[in-house]
Amino acid sequence: MSQRRRLPNSLRWRAVGWMEMGLSQADAARRLNKTISGRPRATTPAEDRFLALSARIGEKNHYCAAARCRPLSSIRKKNLRYYGAKSSSQCRASTDLREQRTRYHQSNTVERHSYRGGGILVWAGISLGGHTDLHVFHGGTVTGLRYRDEILDPYVRPYAAAIGNDFILMDDNARPHRARIVEEYLEGHGLERMEWPARSPDLNPIEHLWGYLGREVAALNPPPRSLHELKQGLLCVWCSLPIPVSDNLINSMGNRCHQCIQVRGGHIPY
C-alpha cells in the first residue's frame, strides 16, 4: 500500500499561488508533475448543477449515480417525468411535460369507477344438496338480537327441521353469534352447534363461496352502480348458484381438518 507524501513548503506555497490565480487543483498538480488520488470526474459542472436541481424538485424521490442514471419516479404535482439514459461517461435526463390546457384531454386522463361508498351485509347457509335463501341486512349493526330474530328464527330453525337429527350448525366466533341470547335460543330449540376454533376462517368453506359470489357479481354486465343494483345482483347470482359448487366446498371439510392437524393448528392452503 502506497504511503501518502506531503509536498515541501516551497512547492506547497507555489501551488497555492497558482490556485489563487484561478488554476484548478488538477492543473496545479500537473505543473508540479504530481498526480491527485481519487475517482476521475465523470460529469461536467453543468451536469452537476442539473442533478442538484433535479434532486430539489423531486423532493428526494430520485436516485442518480455518477456515470449511470436509473429511471426516476414521476412528480404528480408538476406532471413531470425524468428518464435516465445509461452512459459510461455522462448522466443525462429528459423531461416530458404535459402541454398547457390539456389537463382534461383524453390522453391525460384515466377512467376509474368511483362508487359512492357503503356496502351490503349478507348471510346465507349451505348444506349438501341445497342452501338457504340469501338474507340482506338492511342497515345498522348486526347484534345478537338481530342474529336471533333475522337469521336463526326464520332461516336456521326451519332448515334444521327439514334436515332432521343430523343437523349441526357451523358458524364462526363473531360476537353476535356467541351472544347469550343466541346460546339460549339454540339450547331452547335443541339446535346443536359445532365448536369452532378462534381465528380459523380457512376452515370455513363458505368463505370461498363469498369469493365466488363476489366474482360473479363483478362480472355482471353492466356492473352494479348503486346499492340497490348490488343487492339485486347478489340475489340473482345466489339464486343461480350451482349446487356442485357448494357441495365441493363442504366435501373438502375433511381434508381441511386433516391438514390443520398435520400442521398443528397452523395455516393451511385454503
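This is a predicted model: local features need pLDDT of at least 70, side-chain atom pairs count only at pLDDT 80 or more; totals for chains, interfaces and linings use all residues.
Biologist: Buried means under 20% relative accessible area, exposed over 50% and partly exposed in between (1.4 Å probe, protein chains only), so is serine 127 buried or exposed?

Modeller: Serine 127 counts as buried, because its relative accessibility is 14%. Residues are numbered from 1 along each chain as its sequence is written, and side-chain values use heavy atoms, with hydrogens and water left out.

Biologist: Fine. Where does serine 127 lie, then, and what does it touch beyond residues up to four places away in sequence?

Modeller: Serine 127 lies in strand E6. Leaving out residues up to four places away in sequence, serine 127 touches Tyr159, Ile163, Asp247 and Ile250, with contact meaning heavy atoms within 4.5 Å.

Biologist: How many helices and strands are there in the protein?

Modeller: The protein has nine helices and eight strands. These are DSSP runs numbered from the N terminus: helices are H or I with at least four residues, strands are E with at least two. Of the 270 residues, 27% count as buried. Among contacts between residues at least 6 apart in sequence, 48% join residues at least 24 apart.

Biologist: On to pockets. What is the volume of the largest pocket?

Modeller: The largest pocket comes out at about 940 Å³. A pocket here is worked out on a 1 Å grid over the protein atoms alone: an open set of points where a 1.4 Å probe fits, with protein on both sides within 12 Å along at least five of seven lines, and lining residues have an atom within 4 Å of a point. The grid points are joined across faces, edges and corners, and the volume is the space filled by probe spheres set on the points.

Biologist: How many residues line the largest pocket, and which lie nearest its centre?

Modeller: There are 34 lining residues, and Gly125, Ile126, Leu169, Met170 and Asp171 lie nearest the centre. The lining divides into 25 nonpolar, five polar and four charged residues. In that scheme Ala, Val, Leu, Ile, Met, Phe, Trp, Tyr, Cys and Pro count as nonpolar, Asp, Glu, Lys and Arg as charged, and the others, Gly among them, as polar.

Biologist: Which element gives the most to that lining?

Modeller: H4 does, with five residues. Strand E5 (121-123), strand E6 (126-127), helix H4 (144-163) and helix H6 (206-218) each supply at least two.

Biologist: New topic: histidine 135. Where is it, and is it buried or exposed?

Modeller: Histidine 135 lies in strand E8 (residues 135-137), and it counts as buried because its relative accessible area is 13%. Its side chain has a polar contact of 3.1 Å with the side chain of glutamate 150, and another of 3.2 Å with that of tyrosine 155. A polar contact is a pair of N or O atoms within 3.5 Å; within protein, one must be able to donate a hydrogen and the other to accept it, and residues adjacent in sequence count only if both atoms are side-chain atoms. Not counting residues up to four places away in sequence, histidine 135 also touches residues including Leu121, Val122, Trp123 and Ile151.

Biologist: What about the peptide bond from asparagine 221 to proline 222?

Modeller: That peptide bond is cis, with omega near 0°. Proline 222 sits in the loop between H6 and helix H7 (227-239). For context, most peptide bonds are trans.

Biologist: Last one: how far apart are isoleucine 243 and glycine 129, in sequence and in space?

Modeller: They are 114 residues apart in sequence and 6.2 Å apart in space, C-alpha to C-alpha. Isoleucine 243 is in helix H8 (residues 243-251) and is partly exposed at 29% relative accessibility. Not counting residues up to four places away in sequence, isoleucine 243 touches Gly129, Gly130 and His131.
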